[in-house]
Amino acid sequence: ENPVLELADATVGWPGQAPVVTACTLRVSPGERVALVGPSGIGKTTVAATLLGAIPVIAGEVTVRGRLGYLAQDAHLFATSISENLRVGNKDATTEQIAEALGHAHLPLPPDRVVGEAGATLSGGEARRLALARLLVHQADAWILDEPTEHLDHDTAEALMDDVWALAGRRPVLVLTHDPAVIASCERVVRLG
């Protein structure tokens with residue numbers, strides 16, 4: 001079966017709290033890039049958490065086919081080597097898979113380099129590319145990207161997204177973003193609020 005991300009008339013929110021988003025209908029099919037947009041705090045991350053299975057849907061239906069990969073806005077980097085940080089995405093990743101992911105993410109750093117607490121020795125762009133390489137090692141069938149260009153300068157952001165789209169291939173990709181350039185690079189836009 002083809003991978004897909006879908007919410008049908010879904011009401012989402014955190015358990016024990018009022019619903020954040022109601023009657024949300026959204027479908028991302030293979031090869032599709034969909035931007036999920038809206039003001040901060042409107043519920044984009046809550047929708048992502050629901051699709052990821054981190055919180056149950058309150059009403060409506062959620063369908064996720066295939067393995068889902070998530071590029072968090074502030075993906076946590078551990079004070080260990082680059083290769084160990086990538087194995088967070090796939091503990092069985094081989095040395096070859098790690099080298100390949102670093103190459104695809106255009107992060108020319110030695111896999112045994114230690115990145116420091118929360119990636120302190122990396123630039124913002126390098127940290128985001130390390131998170132992208134982790135996503136690649138995970139070998140997911142569909143991606144959710146949460147503010148992938150946040151805090152990056154224009155050129156770094158543009159280069160990163162060029163690589164993301166090239167690597168996404170036929171995967172369904174849902175992007176949570178405020179970035180007009182990222183929104184423009186998507187086929188469809190779903191607005192919350």
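Me: Contact means heavy atoms within 4.5 Å. Which residues of helix 5 meet helix 4?

Reply: This is a predicted model: local features need pLDDT of at least 70, side-chain atom pairs count only at pLDDT 80 or more, and totals for chains, interfaces and linings use all residues. Residues are numbered from 1 along each chain as its sequence is written, and side-chain values use heavy atoms, without hydrogens and water. Helices (H or I, at least four residues) and strands (E, at least two) are DSSP runs, numbered from the N terminus. Gly 125, Arg 128, Arg 129, Leu 132 and Leu 136 of helix 4 meet, in helix 5, Thr 156, Ala 159, Leu 160, Asp 163, Val 164 and Leu 167.

Me: How is helix 4 set against helix 5: roughly parallel or roughly antiparallel?

Reply: Their axes (lines fitted to C-alpha atoms over the stretch in contact, with angles from 0 to 180 degrees between N-to-C directions) come within 11 Å and cross at roughly 5°. Under 35 degrees counts as roughly parallel, over 145 as roughly antiparallel, 65 to 115 as roughly perpendicular and the rest as oblique. So helix 4 and helix 5 are roughly parallel.

Me: At what angle do helix 3 and helix 4 pack?

Reply: Gln 97, Ile 98, Ala 101, Leu 102 and His 104 of helix 3 touch Leu 130, Ala 133, Leu 136 and Val 137 of helix 4. The two axes lie 8 Å apart. The angle makes helix 3 oblique to helix 4. It is about 130°.

Me: Which residues have the most contacts inside the largest nonpolar core?

Reply: A nonpolar core is a set of buried Ala, Val, Leu, Ile, Met, Phe, Trp, Tyr and Cys residues joined through side-chain atoms within 4.5 Å. The largest has 37 residues. Among the elements giving it two or more residues are helix 3 (95-104), helix 4 (124-138) and helix 5 (154-168). Its members with the most contacts are Leu 102, Leu 130, Trp 143, Leu 145 and Val 164.

Me: Which residues does Val 164 contact, leaving aside its neighbours within four places in sequence?

Reply: Val 164 is one of the residues with the most contacts inside the core of 37. With those neighbours left aside, its partners are Leu 132, Trp 143 and Leu 145.

Me: Why is helix 1 largely enclosed by the rest of the structure?

Reply: Buried means under 20% relative accessible area, exposed over 50%, partly exposed in between (1.4 Å probe, protein chains only). The buried residues of helix 1 include Lys 44, Val 47 and Leu 51. Helix 1 (residues 44-51) is largely enclosed because, of its eight residues, the number buried is seven.
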